[in-house]
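Hi there,

Here is the structure I promised to pass on to you. Have a look at it first, and then read on for what turned up.

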Amino acid sequence: MAKIINVIKGTKDILPQDISSWHKLEQTALDVFGKYGYKEIRTPIFEATELFARGVGDTTDIVNKEMYTFEKSDRSLTLRPENTAGVVRSFIENGMTRLSAPVKLWYHGPMFRYERPQAGRQRQFHQVGVEMFGVKQPAADAEVIMLAVDYLKALGLNDLLVEINSLGCPACRDTYKKRIKEVLKPEFENLCDDCKNRYEKNPLRLLDCKVESCREIFEKPEIKKVIESDFICEECAEHYSELKSYLDKMGIKYAENKLLVRGLDYYNRTVFEIKSNNLGSQNAVCGGGRYDSLVKNLGGEDTPAVGWAMGMERLNSLLPPILPEKIDAYVVSNYLPEAFLLAKKLRSAGKTVEIDLANKKFMKQLEKASKIAKFALILGEDEIKNHTVSVKNLETSEQNTVKADEVAALI
Ligand code: ATP
Ligand code: MG
């Protein structure tokens, strides 16, 4: 026998028995996002490597360690690790700056990151996300958070925790970075290797570290005091407090978390995550924030923006399993042309119908029907002669012979 080829580590097949909950995630997105005026966008799965280096940031774990990059005809290409950069590229390239603001876009699809596979973490995973362009006011931040909560509610997920923070603008963030570095300097040797690296390149990212010994350091009173200090400037503070007042008024519960900085470089002011208590250590289902400088950094006109992405595998593991539905009818017959005709009529009436294609024995066909269908439609010699069909309800075993053109109404 030929050697079997297996799926690549960190990737998964989504099998037919599991597809219904994926359809639910996609259909609910279409419904809920549509109500807020979002339009779907589909961008390519690979882009120029430079897009992510510039768009995600070359001090991030994603760009430094996690990208699938390859060369083709002297070009460096990368499988998208996230989709904000791709959407922004398309926004600029397709002249969407000229559309009247806000421009609201949503997407879903596979993303690729070379991470250690574990529960809730894959190398090919899926995200659904939204991006809103053109509004700098905190009402936009509030609306995208509301939208996330609404989407989760529509999926039946209510007991999730929204965490928010403000990173300020580049000016106030610089002061904060300096103070964090100062207060952590005496602890430098005790930080994990990743944090030692981040200390110069991206000091805010330290606060996001999941390593227990680092988290203990951040709990030290003199360090905690700096982390929790109100460093943001007046304008940023006002933006943040307006956002909170919108959330309060809309009854959206949230917690403020000063350690929430998010992995990507491009965020300013608002950042947020939505977490579940039922997901173990990979407990974030949604991450997002404001990224006012990204469009400009990627060559577009200065355009404020805010958005989020949710991990679809993590969402799925929170949803109750959806049992595959039975089809409406299975035609039990050894007269194929007649069976084809009956199935065709019923399908055009909107019914899901299968027929036996292999000329199996009557009892075998009936067995199959009772496994997969709600009704068996028996089409024997007598039925064909009389233009009738014997309709068997497979739940109650009740059987009636009816005129062929009455079947659709019965099943
Ligand atoms: P994490 O802290 O879990 O690594 P992140 O900050 O890297 O998340 P984002 O880039 O903000 O994640 O992506 C948004 C969401 O996408 C996450 O909240 C998570 O639900 C999901 N996600 C991210 N990476 C993966 C992965 N490797 N496998 C499965 N889901 C993922
Ligand atoms: Mg990550």
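Predicted model: local features only at pLDDT ≥ 70, side-chain atom pairs only at ≥ 80, totals over all residues.

If you want a place to look, find Ala329, which stands opposite Phe375 in β14.

Asn359, in the loop between β13 (353-355) and α14 (362-372), has a phi near 55°, a positive value in a residue other than glycine. For context, most residues other than glycine have a negative phi, and most peptide bonds are trans.

**The eight-stranded sheet**

The other sheet to look at is open too, with eight strands in the order β1-β5-β6-β11-β10-β9-β7-β8 and mixed pairing. Its edge strands are β1 (39-40) and β8 (254-256), and each of them pairs on one side only.

Strand β5 (residues 103-112) pairs with strand β6 (residues 124-133) in the antiparallel sense, over 10 bridges. Within that pairing, Met111 stands opposite Phe125 in β6. Helix α1 (residues 19-35) packs on this sheet, where it touches β1, β5, β6 and β11 (305-311). The direction of α1 makes about 165° with that of β5.

Pro102 is found in the loop between α4 and β5.

**Aromatic pairs**

Counting rings whose centres lie within 6.5 Å, the model has nine aromatic pairs. One of them is formed by Phe91 and Phe133: their ring centres are 4.1 Å apart and their planes are at 20°, so the pair is stacked. Because Phe91 lies in helix α4 (residues 84-93) and Phe133 in strand β6, this pair ties together parts that are 42 residues apart in sequence.

**Helix against helix**

Two packed helices are described by the angle between their axes and the distance between the axes. Two such contacts involve α5, and I have set them out in turn.

The axes of α1 and α5 are 10 Å apart, and the two helices pack at an angle of about 135°. That angle makes α1 oblique to α5. Their crossing is right-handed. On the α1 side, Leu25, Thr28, Ala29, Val32 and Phe33 take part, and they meet Leu147, Asp150, Tyr151 and Ala154 in α5. By class, this contact has seven nonpolar residues, one polar and one charged.

Now for the second contact: how do α5 and α10 cross, and within what distance do their axes come? Helix α5 (residues 138-154) and helix α10 (residues 234-249) have axes that come within 8 Å and cross at roughly 40°. This makes α5 oblique to α10. Here, too, α5 passes α10 in a right-handed crossing. The residues in contact are Pro138, Ala139, Asp141, Ala142 and Ile145 of α5, with His239, Glu242, Leu243, Tyr246 and Leu247 of α10. Seven of the contact residues are nonpolar, one is polar and two are charged.

That is everything I have on this one for now. Happy browsing!

Best wishes

Note on methods
Residues numbered from 1 in each chain as written. Chains lettered and ligands numbered in written order. Heavy atoms only, no water. Axes fitted to C-alpha atoms, helices over the stretch in contact; angles between N-to-C directions. Helix = DSSP H or I, 4+ residues; strand = E, 2+ residues; numbered from the N terminus. Parallel < 35°, antiparallel > 145°, perpendicular 65-115°, else oblique. Left-handed = near helix turned anticlockwise from the far one by under 90°. Contact = heavy atoms within 4.5 Å. Nonpolar A, V, L, I, M, F, W, Y, C, P; charged D, E, K, R; others polar. Pairing = 2+ DSSP bridges. Phe/Tyr/Trp six-rings, centres within 6.5 Å; stacked < 30°, edge-to-face > 60°.
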